[in-house]
Amino acid sequence: MAICGLWNLESGATRQITFEQDPRLALGLPVWSPNGANIAYVTRSRTSWNVDQWNDQPRWTNARKISEIGGWAAWSPDSRWLYFAEPARDGSYRIFEKSA
């Protein structure tokens, strides 16, 4: 099972925020939005990279898959947009934008 969590450095308390149950998936590269309400991360399976976005709507239960093969997520300064890259057929990368 792949999980991501929060760790309070002052108290040492932890809180799980993802609940992926598929043992074939790995989670990584979490990127918080500047307002702290959203987190984007990638999942890795045997066949692709996916960019998933989690929203803080209640208890981290509103996961949305943004891309099948994207990665390298970054948030706009106002937290309204998520930018991510997807590979093109020619080996270059395209940048996409999705509304948070």
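Student: How far does the predictor trust it, on average?
Tutor: The mean pLDDT of the protein is 77. Residues at 70 or more make up 80% of the protein.

Student: Which elements have the lowest and the highest mean pLDDT?
Tutor: Strand β5, residues 49-55, has the lowest, at 64. β8 has the highest, at 85. Where pLDDT is low, the predicted coordinates should not be read in detail.

Student: What makes up the secondary structure: how many helices and how many strands?
Tutor: The count is 0 helices and 9 strands. From the N terminus on, the order is β-β-β-β-β-β-β-β-β.

Student: How do you know that β3 and β4 pair?
Tutor: Pairing needs at least two bridges. β3 (residues 26-32) and β4 (residues 38-44) are joined by 5 bridges, so they pair. The two strands run antiparallel. G28 stands opposite V42 in β4. The two strands form a hairpin with 5 residues between them. In its turn, G36 has a positive phi of about 75 degrees.

Student: Why is I39 called buried?
Tutor: Buried means under 20% relative accessible area. I39 has 3%, so I39 is buried. I39 is found in strand β4. The C-alpha atoms of I39 and A73 are separated by 9.8 Å, and the two residues are 34 apart along the chain.

Student: What does A73 contact, leaving aside its neighbours within four places in sequence?
Tutor: A73 is in contact with V31, A40, L82, Y83 and F84.

Student: Which residues form the largest nonpolar core?
Tutor: That core has 6 residues: A40, I66, A73, W75, L82 and F84. β7 (71-75) and β8 (81-87) are the elements that give two or more residues to it. In soluble globular proteins, nonpolar side chains tend to be buried together.

Student: Why does S79 count as buried?
Tutor: The cut-off is under 20%. S79 stands at 5% relative accessibility, so S79 counts as buried. S79 lies in the loop between β7 and β8.

Student: What surrounds S79, leaving aside its neighbours within four places in sequence?
Tutor: S79 is in contact with S33, P34, N35, N38 and A100.

Student: What makes the pair of S79 and N35 a polar contact?
Tutor: The distance limit for such a pair of N or O atoms is within 3.5 Å. A polar atom of the S79 side chain lies 2.9 Å from the backbone nitrogen of N35, and that falls within the limit.

Student: What is the phi of S79?
Tutor: S79 has a positive phi of about 65 degrees, although S79 is not a glycine.

Student: What share of the whole protein is buried?
Tutor: Buried residues make up 35% of the 100 residues.

Conventions. Residues numbered from 1 in each chain as written. Heavy atoms only, no water. Core = buried A, V, L, I, M, F, W, Y, C linked by side-chain atoms within 4.5 Å. Buried < 20%, exposed > 50% of the residue type's maximum accessible area, 1.4 Å probe, protein only. Helix = DSSP H or I, 4+ residues; strand = E, 2+ residues; numbered from the N terminus. Contact = heavy atoms within 4.5 Å. pLDDT = per-residue confidence, 0-100. Polar contact = N/O pair within 3.5 Å; in protein donor to acceptor, adjacent residues only side chain to side chain.
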